[in-house]
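Please read the points below with the model open beside you, taking them in order.

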Amino acid sequence: MCGRYQFTLEQCAEILEIAREVERRHGAGAWRPGEVRPTAKAPVLVSDEEGIHPQLLTWGYRLPDSLVINARAETAAEKNLFRDSVASRRCVVPSTGFFEWDGEKRKYLFTLPGEPALYMAGLYMMREGQPCYCVLTTAANDSMKEVHPRMPLVLRREQVSSWLEQPGETMAFLHMTPPTLEKASADAQMRLW
């Protein structure tokens, strides 16, 4: 599962460039970097006639009785809510890592070893007149299993354009095992706030 992730500008030139492009497109103050929570606006990468570029979307699909922030990669193509997005509205959620809590409510930050940015596969659509997105999740790999049984569908940098622009490869992505991640305690950070 993925219920929060980090988008910090200081750590990564790629993330900083995405933030600058969002500011150029949407104006200063249109969103806040840092820890991204459901219902917040955040940059996601999309592909259209302009090529691959960031857009500012709201995290979560609003339904009458709930907010859907994640979609199971293994079944997304079969579900009415996600089917059209899997076919033609795939996005990439840029981050500097995502958070997960274990059964004891300890918070951890997961990152890609040796990489300042972590990209998560996602889907987007219009809901109630607002563009919104959700993060695709899959079964946890060995680096994640001891904390949670699910994890975001993490893409390597070189997979971003294929996920966005190669619909023939979509099903393979939905069933892949994400790369190994590094885990760091985020409990100290949580106590500071």
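1. Accessible areas come from the Shrake-Rupley method with a 1.4 Å probe, and for residues only the protein chains shown count as cover. By that method the chain exposes about 9,600 Å², of which carbon and sulfur atoms supply 49%. This is a predicted model, in which local features need pLDDT of at least 70 and side-chain atom pairs count only at pLDDT 80 or more, whereas totals for chains, interfaces and linings use all residues. Residues are numbered from 1 along each chain as its sequence is written, and side-chain values use heavy atoms, with hydrogens and water left out.

2. The next topic is overall form. The C-alpha atoms of the chain fill a box of roughly 40 × 40 × 35 Å, taken along the principal axes. The radius of gyration (taken over C-alpha atoms, with a globule rule of 2.2 Å times the number of residues to the power 0.38) is 16 Å, which agrees with the value near 16 Å for a compact globule of 193 residues. With contact meaning heavy atoms within 4.5 Å, residues 24 or more positions apart account for 68% of the contacts in the chain with a separation of 6 or more.

3. The chain has five helices and 15 strands, where helices (H or I, at least four residues) and strands (E, at least two) are DSSP runs numbered from the N terminus. Of its 193 residues, 50% count as buried; here buried means under 20% relative accessible area, exposed over 50%, and partly exposed in between (1.4 Å probe, protein chains only).

4. A nonpolar core is a set of buried Ala, Val, Leu, Ile, Met, Phe, Trp, Tyr and Cys residues joined through side-chain atoms within 4.5 Å. In the largest such core, which has 59 residues, the members that touch the most others are Y5, F98, L123, Y133, L136 and W163. Strand β11 (residues 118-127) gives this core its largest share, namely seven residues.

5. How many disulfides (pairs of cysteine sulfur atoms within 2.5 Å) does the structure hold? The count is zero, and C91, for example, is in no disulfide, since the nearest cysteine sulfur, that of C134, is 7.4 Å away. C91 is buried, because its relative accessibility is 0%. For C132, the closest cysteine sulfur is again in C134, but at 8.0 Å it is too far for a bond; C132 also counts as buried, at 3% relative accessibility.

6. A search of the whole structure finds 12 salt bridges, each being a side-chain nitrogen of Lys or Arg within 4 Å of a carboxyl oxygen of Asp or Glu. One of them joins R25 and E50, with 2.8 Å from N to O. Because R25 lies in helix α1 (residues 13-26) and E50 in the loop between β3 (41-48) and β4 (51-59), this pair ties together parts that are 25 residues apart in sequence. R25 is partly exposed at 31% relative accessibility, whereas E50 is exposed at 52%.

7. Two further pairs deserve a look. In the salt bridge between R106 and D102 the closest N and O atoms are 2.7 Å apart; R106 is partly exposed, at 36%, while D102 is buried, at 11%. E115 and R157 form another, with closest N and O atoms 2.9 Å apart, and this pair links the loop between β10 (107-111) and β11 to the loop between β14 (154-155) and α3 (160-165), 42 residues apart.
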